[in-house]
Amino acid sequence: MSKKVIVIGSGFAGLSAAATLAKGGYEVSLLEKNSCIGGRARKLTIAGFTFDMGPSWYWMPDVFENYFKEFGTSVAKHYDLIRLDPSYAVFFGKDEVMRVPANLNEFYQLFERYEPGSSVALKKFLADAEYKYNVSMSDFVQKPSLSILEFLDFRILNAALRMDLFKSISKYIKNHFTNEKLIQLLEFPVLFLGAKPNETPALYSMMNYADIVLGTWYPQGGMFKIVEAMENIAKQEGVKIRTHERVEKINVTNGKVVSVTSNGVDLPADMVVGAADYHHIEQNLLEEKYRNYDTTYWKSRKMAPSCLMYYLGVNKKLKGLEHHNLFFDAPFDIHAEEIYDRPQWPSNPLFYATCASKTDKSVAPEGQENLVLLIPIAVDIEDTEAIREKYYNIMMDRLEHLTGQSIKEHVVVKKSYAIKDFKADYNSFGGNAYGLANTLRQTAIFKPTIKNKRLNNLYYAGQLTVPGPGVPPSIISGQLVAREIIKKFGKGN
Ligand SMILES: Cc1cc2nc3c(=O)[nH]c(=O)nc-3n(C[C@H](O)[C@H](O)[C@H](O)COP(=O)(O)OP(=O)(O)OC[C@H]3O[C@@H](n4cnc5c(N)ncnc54)[C@H](O)[C@@H]3O)c2cc1C
């Protein structure tokens, strides 16, 4: 008889843990509270428009390829992946739009236009970023981070010295470049990491390598295609996926997890992987004496932002927009302070717009556009319809002004999404969108650990544990946990 594993939560981490464990011979049930799987990457269909509700940037294609390879398949067998060119557009002002080319030579030329001579510094900057990316992906990210000893290896220590762990990325970028716009461009990937550039280690310039060299990609049909592909793989491996299963409790007898209660029914398990928000798994599903962390710990964590989003259907084609558009016509520093230091709604927000219909005809009716607007905001601030509407108008006015066209009167579908929804839909701590901030003090062994310290058959996966937030790290997180279980308990059958 195979050992039974219950995985709670069907985001990328849950899907990845479930499929990897099933491949290792375990009998796996994946329980999801919502009516559909995918977690933060669900899709929303309204009146012929199909929106990706969460992630829209497909970065680090190597991670996806490696995942599919583990199951003897490939990305190409599941979806049609295209590289976006331009990768994205950055609006610094009405007549100042930077279209970031996918081609590396053109990217060097772009730097030369803004700061003559800067392509030399860029070459060195990218060579270092490539080194950091390769070492991180092969040595650091794949560690379960259960002990500092994992990192006490000469090669890793030697590499760590070259990784700029103790320098801020902000300082590091300014050591290479002086042009404000280039600095903003290079600091932008830090937005994904959920911390201010001056608090993010320069190690994360590896994200610039991911952005500039590895590129921004898009699976035709939308990001949900990744979820569908991972669902197919999980099912082929034998995972039973059950939606409408809201887990209410993790039950413990004689120091071992024996079952979970879902919809009032006890479901037995030899092993449980909590792949919903870590805070929810511990604080709401587990008795206090079994928790790894208390409320003081969670209060002291620096969270990555939440966000306000609008999913919009527009009944005409829009000019001037690319697939991805960053509106940097406001100072980043003040907005970042209003997220992290003085949590409040931003006085003059930066925002971001995805117009996936620029690349993909299937996501909007013919002649119309699929537009998603997003403002990063602090976690746990007041969230009302009136506030959302105020920021909708701010974004719309700026969008209309910067692109020189009327948009608002052409909006035929409009749905907002923010803190309250993150809490209700995903049991998200503070309504966070992106998990924990990637500061040095919250990296690797300093993140919430993947293993329960008192119950040896309870593990955690997902964006609040190692390696961190984002689609690729969440996929890796599920794999890490599954491999750790297989290493410790052997094959499931
Ligand atoms: C708006 C937004 C934009 C983003 N943009 C990008 C991007 O462009 N690129 C990128 O790489 N990353 C992006 N991210 C981050 C990325 O989407 C996440 O890091 C990743 O999807 C997290 O996956 P997860 O499996 O850890 O968690 P989740 O996706 O949250 O999955 C957890 C699941 O657990 C379920 N659950 C919760 N409680 C229970 C319970 N009691 N019982 C059963 N099920 C439960 C939830 O419903 C959910 O389905 C974005 C995130 C957001 C929110």
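View 1. The domain bounds come from an automatic or database domain assignment. The model is predicted: local features need pLDDT of at least 70, side-chain atom pairs count only at pLDDT 80 or more, and totals for chains, interfaces and linings use all residues. Residue numbers start from 1 along each chain as its sequence is written. The ligand is surrounded by 37 residues, of which Gly9, Gly11, Gly39, Ala276 and Gly462 are the closest; a residue is near a molecule or strand if its C-beta atom, placed from the backbone, lies within 6 Å of it. Two or more residues of this shell come from each of helix H1 (12-23), strand S14 (306-314) and helix H15 (471-489). With three residues, H1 gives the most. Helices (H or I, at least four residues) and strands (E, at least two) are DSSP runs, numbered from the N terminus. By class, the shell holds 18 nonpolar, 14 polar and five charged residues. Ala, Val, Leu, Ile, Met, Phe, Trp, Tyr, Cys and Pro count as nonpolar, Asp, Glu, Lys and Arg as charged, and the others, Gly among them, as polar.

**View 2. Contact between domain 1 and domain 3.** The domain assignment also gives domain 2 (104-214). The centres of domain 1 and domain 3, taken over C-alpha atoms, are 29 Å apart. Domain 1 puts 13 residues into the contact and domain 3 puts in twelve residues, where two residues are in contact if their C-beta atoms, placed from the backbone, lie within 7 Å. On the side of domain 1 that touches domain 3 there are four nonpolar, seven polar and two charged residues.

**View 3. Helix pair H3 and H4.** Helix H3 (residues 104-114) and helix H4 (residues 118-140) have axes that come within 8 Å and cross at roughly 135°. H3 is therefore oblique to H4. Axes are lines fitted to C-alpha atoms, for helices over the stretch in contact, and angles run from 0 to 180 degrees between N-to-C directions. Angles under 35 degrees count as roughly parallel, over 145 as roughly antiparallel, 65 to 115 as roughly perpendicular and the rest as oblique. Tyr108, Phe111 and Glu112 of H3 make the contact with Ser118, Ser119 and Leu122 of H4. Three nonpolar, two polar and one charged residues take part.

**View 4. Helix pair H6 and H7.** The axes of helix H6 (residues 169-176) and helix H7 (residues 180-187) cross at roughly 140° and come within 10 Å. This makes H6 oblique to H7. From H6, Ile169, Ser170, Ile173 and Lys174 meet Ile183, Leu186 and Glu187 of H7. The contact consists of four nonpolar, one polar and two charged residues.

View 5. Most residues other than glycine have a negative phi, and most peptide bonds are trans. The peptide bond from aspartate 85 to proline 86 is cis, with omega near 0°; proline 86 sits in the loop between strand S5 (81-83) and strand S6 (88-93). Valine 466 and proline 467 are also joined by a cis peptide bond, with omega about -5°. Proline 467 lies in the loop between strand S19 (458-460) and H15. Asparagine 263, a residue other than glycine, has a positive phi near 50°, and its place is the loop between strand S11 (256-262) and strand S12 (265-268).
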